[in-house]
Amino acid sequence: SSFSLENCSASFNGLPFTLGLNVFNLEQPRIRFNANGKIPLGKIYHLFPDIQGGSGYVNLKHLAIEGELQDMKNVKNAEKVKASGTLQFENAIINYGGEDLKFANGNIAFANAFIQLNKISLIGLDSDIEIEGKISNYLAYIFSNTIDNPLNLNISIKSNSINVEKWMYVLSTDTKPTTNQADSFAIQKP
C-alpha cells in the first residue's frame, strides 16, 4: 500500500512553491517528503495556534526528509533517516503573545539527524539576539508521543540587550508585567 502526492505546485502571491510526499507501506510507513519555495508568513501563520500574526517570508530551499517512520520516532535509529535542505528567513515577523518577533536573517540547515542554526538574528521584546548551534534528536522529539525523547541543544546566544522580564511573560501564561522601570530586569552588554 502506498500514498503519493507527486509534483504538487502552488503559488503564494505569485511566488512558486513545490511539494512532494510519498508514503510506502502504510502498516510500517517509509516517508519521502520534499519542498521548495518561498512562503509568506501572512498566509500560513493561522496553522499555528499560538501565533496571532505574521509577515515576511520563509524560504524552503530543497528541503527533503526520507526514512522509516519508526526510525524517526527512535533516537537510536534517527541516523538512518536522511534529511537535507535549509529554511531561510527573509524579514520574517511573527506575533506571539501579542509581541512582534522579527527573524531578520539567518537560516536553519537540516543535516540528517541534526539541525544547524546559522546566525539567526531575532529582534523583539526589547532584545536583540543572535543564535547559532546544533539541535539533535529533533525527529524523535517531533514524531514520538513520549517525553523520553528530549531535544539535545548545543547552542550559543549572543546579545547586546535581553529583556528577561518580557521573555518570561511571553513564554508563560501569567498576567502582563508592570511597566515600572524600577521593577524591570534587563541584561545589557557593557
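Predicted model: local features only at pLDDT ≥ 70, side-chain atom pairs only at ≥ 80, totals over all residues.

Me: How much of the protein is buried?
Reply: Buried residues account for 34% of the 190 residues in the protein. Buried here is under 20% relative accessible area, exposed is over 50%, and partly exposed is in between, with a 1.4 Å probe and protein chains only.

Me: OK, what's the secondary structure?
Reply: The protein has four helices and ten strands, in the order β-β-β-α-β-α-β-β-β-β-α-β-α-β along the sequence. These are DSSP runs numbered from the N terminus: helices are H or I with at least four residues, strands are E with at least two.

Me: How do β1 and β2 pair up?
Reply: Strands β1 (residues 2-12) and β2 (residues 15-24) run antiparallel and are joined by nine bridges; two strands pair if DSSP finds at least two bridges between them. Phe-3, for instance, has Val-23 in β2 as its bridge partner. The two strands form a hairpin with two residues between them, and Asn-13 in the turn has a positive phi of about 50 degrees.

Me: Which other residues have a positive phi although they're not a glycine?
Reply: Asn-25 has one of about 55 degrees, and His-62 has one of about 50 degrees. Most residues other than glycine have a negative phi.

Me: Where do those two sit?
Reply: Asn-25 is in the loop between β2 and β3 (30-40) and is partly exposed, at 37% relative accessible area. His-62 is in strand β4 (residues 51-68) and counts as exposed, with 60% relative accessibility.

Me: Switching to the inside: which residues have the most contacts in the largest nonpolar core?
Reply: Leu-60, Ile-108 and Phe-110, in a core of 37 residues. A nonpolar core is a set of buried Ala, Val, Leu, Ile, Met, Phe, Trp, Tyr and Cys residues joined through side-chain atoms within 4.5 Å.

Me: What is Leu-60 in contact with?
Reply: Leaving aside neighbours within four places in sequence, Leu-60 is in contact with Phe-17, Ala-35, Asn-36, Gly-37, Ile-39, Thr-86 and Leu-87. Contact means heavy atoms within 4.5 Å.

Me: Last one, what box do the C-alpha atoms fill?
Reply: Roughly 65 × 40 × 30 Å, taken along the principal axes.

Methods. Residues numbered from 1 in each chain as written. Heavy atoms only, no water.
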